[in-house]
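Reader: I am new to looking at protein models, and I would like to go through this one slowly, with questions. Could we begin?

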Amino acid sequence: MLAKVRSFALAGLRGQPVDVEVDISSGLPQFEIVGLPQATVREARERVRAAIRNTGLEFPVKRITVNLSPPDLRKEGPHLDLPIALGILAASGHVPADRWQGYAFVGALSLDGRIQPVAGVLPMAAAARELGVECFVLPAANLAEARVVEGLNLLWADSLGEMLDIVRGADRPRPAPSLAEAPPAGKAHAQAAPVDLADVKGQEHVKRALEIAAAGGHNILLLGPPGSGKTILARCLPTIMPPMSRCEALEVTMIYSAAGLLPPGSGLVTERPFRAPHHTISPFALVGGGLRPRPGEVTLAHNGVLFLDELAEFSRAALAALRQPLESRVAVVSRLGAAHAYPAGFILAAATNPCPCGYHGDRHRPCTCTPLARSRYLGRISGPVLDRIDMHVDVPRLTYQELRAATPGEPSERVRARVAAARARQARRLAPDGLSCNAQMGPRHVKRFCRLDDAGRAVLEEAYESGRLSLRAHDRILKVARTIADLAGSDAIAPEHVAEAAMYRTLDGQASAYR
C-alpha cells in the first residue's frame, strides 16, 4: 500500500517542499529510506520504529520503502521523523491518509513518541504559505516561531498519539501555548551586561564616529592601546541603531531559525544582533560553509553588528574570506554541488592594538616593539580589507585627570533618535532603488547624491593626494560625508562634512608602510 505525506526541507535559508512517499509490500522485513537522505534522516528508521511501538501501535513487519522526493535535494535533520511515521501508519491502515490532504508536517520524534522541536520551522512555514498549504502541523514548542508567518493555519501536538488524534479528526479544545519574544539575537558567547553610551566616560570623538557609523551603516575600525575602551564602545553600537522594521526582524528570525539558534518557545527576534567571534575562528565559521553548509557569523550578524576584536590576530584566510561579504553584503557558499547565498548586511565594528605590545603612541607606557614589528603587526590586516572599512578612529587611553573631569555623556536613546532621523532622510532618498542607508550606495548613487561644490572638491582632492587613497576609499569618504550632512539635516554636502569624513581615513596614508 502507498501513502504520501507533504513535508519540507531546508535549502540554505529557504524551505523546499518534500513529498514523503511510503510503500509497504510483502517480502523480507526491511526499512529503507531513499532520496538523498543524510545521516540524521537515515537514523529516523530507529526513532520512528520505537516511537510507533511505544505509542501502542504495531510496527509493520514487512518491506518498507520511504522515498523523499525530489530525489536530488539533500535532506538533513530530524524534522522528517513525523511525516515518515505518519506515512507508515497510513500505508499500514492505522490512520486514513485522506484526512491530511493539503496538510504539511514537520517534527522530530523521541523513542517514547514525544514530538521534539526542530530547527528551521520559520523558513518552512513561510514556504508552506507561499505554496498555499491548507494547514501546517508542527511541534508545540515551535508554535510561537511559526506564528510569525501571517495567514497560515497551524496545528500542533506534543506526542505522536496526540498527532494521530488530530489526523483522525478528534475534535477537542487545544489551548494555545504562551508566546514569548526571543531574547536578543544570539551573541557569540555569553551575553554581556547591557551597555549605554552614557556609561562611557570621555572619548567624545569616538562616540561621534559611532553615531556616524550607525547613521549610515558604515564599517568602523577602533585603533588604540589596551584599556582605552574599544570593546565597550563597540558594544554600544547596536544601542544607537534604529529599531528593526518588521521586515528586518523577520529576516533575522529566519536566519536564527535555520541555524537552530532560536530557543524553543521564541517568536520574532526584535533586537539587532551583536556577534563577537574569537580571533581563532575559521573562515568557514566566519562566512559560512562546512560539510553541512550553514550560516556563518557574517550572516548571523545580518541587520546588526559584527564585532571583530583584535582584528590583527585573525588569520589571513579568515580576513580574506571577509572581503566579498563586506563588498556585496551577501555570503555565497558552494558545497557538494549546491550554492547558497546567505544575506550579510551587517556593520563591521573592528578593534585592534597598534602593535604587538599594544602601547605604541600611548602617553603613559612606552612601546617595546621595533618599527619592523609594528609594521608587520598592522600589516596582517590586508589592504583590501582595510580599504573596505569606511572609518578608522584612534582611541587613546584617558589620563586620570581626564577620567575625573569627564562629565556624563549622552544616553544611547538620545543618540538613537538622531540616527533614526538621519536614516529616515536616507530612506526617502534611496528607497526607490531598494536601499536603506548610505553605505549601500553604488557608484551611480554616489555620483547622483554626493555632489560637491568647488570648496568641497578642493578638500577631497587634498585628502586624496596626501593620503594616497584608492578609488574605493574616495567613494567611501563621499558616503561618510553624505551621512554627516544627513545628521546635520543638510541636503548639500559642505566642505566641513568632507573634511570630517576624510579625517576618518587615518590608516590609508600609512598603508604602504605596513605592507
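Author: Let us begin with a definition: a residue counts as buried when its relative accessible area is under 20%, as exposed when over 50%, and as partly exposed in between. Please also keep in mind that this is a predicted model.

Reader: With that definition, what share of the residues of the chain count as buried?

Author: The chain has 515 residues, and its secondary structure comes to 21 helices and 18 strands. Its C-alpha atoms fill a box of roughly 85 × 45 × 45 Å along the principal axes. Of the residues in this chain, the share that count as buried is 52%.

Reader: Among contacts with a separation of 6 or more, what part comes from residues 24 or more positions apart?

Author: A contact here means heavy atoms within 4.5 Å. Counting the contacts in the chain with a separation of 6 or more, the part that comes from residues 24 or more positions apart is 74%.

Reader: Is Tyr-377 buried or exposed?

Author: Tyr-377 has its place in helix H13, which covers residues 371-378. Leaving aside neighbours within four places in sequence, Tyr-377 is in contact with several residues, including Glu-310, Thr-352, Asn-353 and Cys-355. Because its relative accessible area is 3%, Tyr-377 is buried.

Reader: How are helices H2 and H3 oriented to each other?

Author: The axes of H2 (residues 44-54) and H3 (residues 81-91) come within 10 Å and cross at roughly 55 degrees. The contact is made by Ala-44, Arg-47, Val-48 and Ile-52 of H2 together with Asp-81, Ile-84, Ala-85, Ile-88 and Leu-89 of H3. The crossing of these two helices is right-handed. Angles under 35 degrees count as roughly parallel and those of 65 to 115 as roughly perpendicular, and H2 and H3 are therefore oblique.

Reader: Which kind of aromatic pair do Tyr-103 and Phe-105 form?

Author: The structure holds four aromatic pairs. In the one formed by Tyr-103 and Phe-105, the rings are 6.3 Å apart, centre to centre, with 40 degrees between the planes, and both residues are buried. Planes under 30 degrees apart would count as stacked and those over 60 as edge-to-face, so the pair formed by Tyr-103 and Phe-105 is tilted.

Reader: Over which ring does the charged end of Arg-365 sit?

Author: Two placements of this kind can be described side by side. The charged end of Arg-429 sits over the ring of Phe-449, at 6.0 Å from its centre. For Arg-365, the charged end is 4.1 Å from the centre of the ring it sits over, and that ring belongs to Tyr-359.

Reader: Is Leu-36 buried or partly exposed, and what about Asn-303?

Author: Most residues other than glycine have a negative phi, yet Leu-36 has a positive phi of about 60 degrees and phi of Asn-303 is near 65 degrees. Leu-36 is in the loop between strand S3 (30-34) and helix H1 (39-42), while Asn-303 is found in the loop between helix H11 (297-300) and strand S14 (305-309). At 37% relative accessibility Leu-36 counts as partly exposed, whereas Asn-303, with a relative accessible area of 9%, is buried.

Technical notes:
Residues are numbered from 1 along each chain as its sequence is written. This is a predicted model: local features need pLDDT of at least 70, side-chain atom pairs count only at pLDDT 80 or more; totals for chains, interfaces and linings use all residues. Side-chain values use heavy atoms; hydrogens and water are left out. Rings of Phe, Tyr and Trp (its six-membered ring) pair if their centres lie within 6.5 Å; planes under 30 degrees apart count as stacked, over 60 as edge-to-face and the rest as tilted. Buried means under 20% relative accessible area, exposed over 50%, partly exposed in between (1.4 Å probe, protein chains only). A charge sits over a ring if NZ of Lys or CZ of Arg is within 6 Å of the ring centre and within 35 degrees of the ring normal. Axes are lines fitted to C-alpha atoms, for helices over the stretch in contact, and angles run from 0 to 180 degrees between N-to-C directions. Helices (H or I, at least four residues) and strands (E, at least two) are DSSP runs, numbered from the N terminus. Angles under 35 degrees count as roughly parallel, over 145 as roughly antiparallel, 65 to 115 as roughly perpendicular and the rest as oblique. A crossing is left-handed if the near helix is turned anticlockwise from the far one by less than a right angle, and right-handed if clockwise.
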